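Thank you all for making the time this morning. Before I start talking, please take a moment to look at the sequence and the structure on the screen.

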Amino acid sequence: FSGRLRVRQTLDLMASALVQQLQLVQQLQGVALTRKTKAGKPSLLFDSSKAADVDVESLYEIGCQGLAELCRLEPRFASLREALFSRAAASLVRDQQQSDVVA
């Protein structure tokens with residue numbers, strides 16, 4: 001009986017920890033949505049209202065096209081293609097990363 005009780009207590013702790021984590025994610029998403037709708041997003045390429053609507057794939061394509069043009073002008077930049085525009089970097093969700101990761 002005490003073994004079952006310990007298992008039950010452990011499951012209860014895990015469930016409450018999961019609930020807390022999900023609540024935190026929900027709060028963070030709400031903050032992110034509020035920031036996007038009120039202030040847009042800072043951008044060097046677009047005004048803040050347009051930047052909030054540009055998806056990562058579009059930005060990735062713009063960057064790849066710009067690098068391709070730069071490589072036509074100066075072939076030495078071709079070696080930087082993977083470091084600057086890897087698919088892994090395109091799938092990174094910057095809003096959900098700690099500041100030291102996206103710096």
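Predicted model: local features only at pLDDT ≥ 70, side-chain atom pairs only at ≥ 80, totals over all residues.

The protein has six helices and zero strands, and if you follow the chain from the N terminus, the elements run α-α-α-α-α-α. Of the 103 residues in the protein, buried residues make up 10%. The accessible surface comes to about 8,800 Å², and carbon and sulfur atoms account for 59% of that area. As for how the chain meets itself, if we take the contacts between residues at least 6 apart in sequence, 28% of them join residues at least 24 apart.

Let me turn to the charged side chains.

Arg8 is exposed, with a relative accessible area of 52%, whereas Asp12, at 38%, counts as partly exposed.

Arg72 is exposed at 58% relative accessible area, while Glu69 is partly exposed at 38%.

The salt bridge that remains to be described joins the side chains of Arg76 and Glu74, again with a distance of 2.9 Å, N to O. Here Arg76 is exposed, with 65% relative accessibility, and Glu74 is partly exposed, with 26%.

Now to the cysteines and a serine. Cys64 has a relative accessible area of 23% and is therefore partly exposed, whereas Cys71, with 12%, is buried. The count of disulfides in this model comes to zero.

Where does Ser86 have its place? Ser86 is in the loop between helix H4, residues 81-84, and helix H5, residues 87-90. Is Ser86 buried or exposed? At 12% relative accessibility, Ser86 counts as buried, because the cut-off for that word is under 20%. Leaving aside residues up to four places away in sequence, Ser86 touches Tyr60 and Arg81. Ser86 and Cys64 are 22 residues apart in sequence, and their C-alpha atoms are 9.7 Å apart in space.

Which residues make the nonpolar surface patch of about 450 Å²? The patch is made by Leu44, Leu45, Leu59 and Ile62. Among them, Leu59 is found in helix H3, which covers residues 56-73, and with a relative accessibility of 37% Leu59 counts as partly exposed. Residues in such a patch must have over 30% relative accessible area, so Leu59 at 37% passes that cut-off.

I will stop there, and I am happy to go back to any of these places on the screen.

How values were computed. Residues numbered from 1 in each chain as written. Heavy atoms only, no water. Patch = residues over 30% accessible without salt bridge, like charges linked within 9 Å, V, L, I, M, F, W, Y side chains within 5 Å. Areas by Shrake-Rupley, 256 points an atom, 1.4 Å probe, with all protein chains shown as cover. Salt bridge = Lys/Arg side-chain N within 4 Å of Asp/Glu carboxyl O. Helix = DSSP H or I, 4+ residues; strand = E, 2+ residues; numbered from the N terminus. Buried < 20%, exposed > 50% of the residue type's maximum accessible area, 1.4 Å probe, protein only. Disulfide = S-S within 2.5 Å. Contact = heavy atoms within 4.5 Å.
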